[in-house]
Amino acid sequence: MTRKPFISTSQAQAIRLAAALAILAPSAWAQSTGRAPGQDPVPAPQTGSAIQAREIVQGLEHPWAIAFFPGSTDALITERPGRLRLLRNGELAREPVAGTPEVFAKGQGGLLDVALSPDFVSDRRVYLAYAEAGEDGKAGTAIGYGRLSEDGDRLSDFRVIFRQTPKLSSGHHFGARLVFDGKGHLYATLGENNQRPTAQDLDKLQGKVIRLDADGGIPADNPFAAGPSQGKSALDAIWSYGHRNPQGAALNPWNGELWVNEHGPRGGDEINRVRPGENYGWPLATYGRNYTGFAIPEAEGSHVDGTAQPAYYWSRSPAISGMAFYDSDRFPAWRRSVFIGALKEGALIRLQLDGERVVSEEWLLQDLKERIRDVRQGYDGYVYVLTDSPDGKLLRIGLTN
């Protein structure tokens, strides 16, 4: 497809990008800081290949998520201030997609994740997760969908199918990732709005993973769903609880299990294999401390009865975000891996898997000094990442051999 030049014609920009984006030597590898509970970290073995990063587009304002059209490198990209952008033939459409909802673009809030319906070819549904303002100036996460026009210029008949209640955020901890499973269910991650105790409250939707039907209905087999005679409420959508601010989620392609990664406070970023009805501990159980250095007031330790241990955690927080499993033959060295973006550390983290167990860790792209917000595997077998900045970029990542 036609792409923007890899290096700008501007001499100054060419010098910067040539140094940052051309070929990243194996010096981009870093010692792991993560671990599974009770295990020491193991650095990933070197593959003998260099990492190649190619700029596809730039000029995105704090991009948050990308969703590829089926079998294509064309995509939709969200920008946190509230714009949905169409990427076609390697170029951004001049105007944003019309018909998107009004968003609460404050702090960490705004237009967040985007996902396409599993039946997108026929129904053209585009799902959006975003921060929505309430009447009192506080905000919460909302989810809705609209139908994308054939030319990609507009969403029509946008319908909100879920609202986080109560709305408690002044600009922090919204989540929010959207993941469809193979049965037509939609999972979404919800932050605790920086109100720690709410993650344990089953009468609130903060700090939860929810599961919906594609039209917003509540599946009858959700773990906290009321019986048929008792009616349904938004709280019946809860799938798991005890989460802090989960900003990465993906379906394990080898067993269909949902994996979620979430920000800890100062330390304690973690990956969880999310199972129905489980309590993942926040804020009672954590490997982190408050940003002041003091203990989390509600914390009882790293292991608390009745709470699930993370599958993997970092004692020093990389500030993890998007997540994608690698399930392609294009780069055999990456088979059975999961990729995770790191904001604070400016890295793309690759975790090598043996079944469900993380056996090694590799840090990539640190030479770019870019905050990695989202990570997706493309249909072409490359890994695509979005960088979080006022001049954000979409990069295509691969190996040289």
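## Basis and confidence

In this predicted model, local features need pLDDT of at least 70, side-chain atom pairs count only at pLDDT 80 or more, and totals for chains, interfaces and linings use all residues. Residues are numbered from 1 along each chain as its sequence is written, and side-chain values use heavy atoms, with hydrogens and water left out.

The chain averages a pLDDT (the predictor's confidence in each residue, from 0 to 100) of 89. At least 70 is reached by 87% of the residues. Over residues 1–32 the pLDDT is below 50. Beyond near neighbours in sequence, this stretch still has 71 contacts (heavy atoms within 4.5 Å) in the model. Where pLDDT is low, the predicted coordinates should not be read in detail.

## Overall build

The chain has two helices and 26 strands. Both are DSSP runs, numbered from the N terminus: helices are H or I with at least four residues, strands are E with at least two. Of the contacts with a separation of 6 or more, 59% join residues 24 or more positions apart.

Of the 401 residues, 57% are buried. Buried means under 20% relative accessible area, exposed over 50%, and partly exposed in between (1.4 Å probe, protein chains only). The accessible surface comes to about 15900 Å². Carbon and sulfur atoms hold 47% of that surface. Areas come from the Shrake-Rupley method with a 1.4 Å probe; for residues, only the protein chains shown count as cover.

## Pockets

Rolling a probe the size of a water molecule over the atoms shows where empty space is left. The search uses a 1 Å grid over the protein atoms alone. A pocket is an open set of points with protein on both sides within 12 Å along at least five of seven lines; a cavity is a set where a 1.4 Å probe fits but cannot get out. Lining residues have an atom within 4 Å of a point. Points are joined across faces, edges and corners, and a volume is the space filled by probe spheres set on them.

The largest pocket holds about 910 Å³. It is lined by 33 residues, and Val179, Phe180, Arg376, Gln377 and Tyr379 are the closest to its centre. Six strands each supply at least two lining residues: β4 (63–68), β8 (111–116), β12 (175–180), β16 (245–251), β20 (320–326) and β24 (372–377). By class, this lining has 22 nonpolar, five polar and six charged residues. Here Ala, Val, Leu, Ile, Met, Phe, Trp, Tyr, Cys and Pro count as nonpolar, Asp, Glu, Lys and Arg as charged, and the others, Gly among them, as polar.

The second largest pocket holds about 390 Å³. Of its 22 lining residues, Gln108, His263, Ala319, Leu343 and Arg371 are the closest to the centre. This lining divides into five nonpolar, ten polar and seven charged residues.

## Cavities

Two cavities reach 30 Å³ or more.

Glu270, Tyr280, Ala285, Thr286, Tyr287, Ser302, Ala308, Gln309 and Pro310 line it. This lining has five nonpolar residues, three polar and one charged.

## Backbone sites

Two cis peptide bonds deserve a check. The bond from Thr165 to Pro166 is cis, with omega near -15°. Pro166 lies in the loop between β11 (155–163) and β12. The bond from Trp282 to Pro283 is also cis, with omega near 0°. Pro283 lies in the loop between β18 (269–274) and β19 (312–314).

Positive phi comes next. Ala319 has phi of about 65° although it is not a glycine. Ala319 sits in the loop between β19 and β20 and is buried, at 14% relative accessible area. Leu365, also not a glycine, has phi near 65°. Leu365 is in the loop between β23 (357–364) and β24, and is buried at 1% relative accessibility.

## An exposed loop residue

Glu95 lies in the loop between β7 (91–92) and β8. Glu95 counts as exposed, at 57% relative accessibility. Arg83 is twelve residues away along the chain, and the C-alpha atoms of Glu95 and Arg83 are separated by 9.3 Å.
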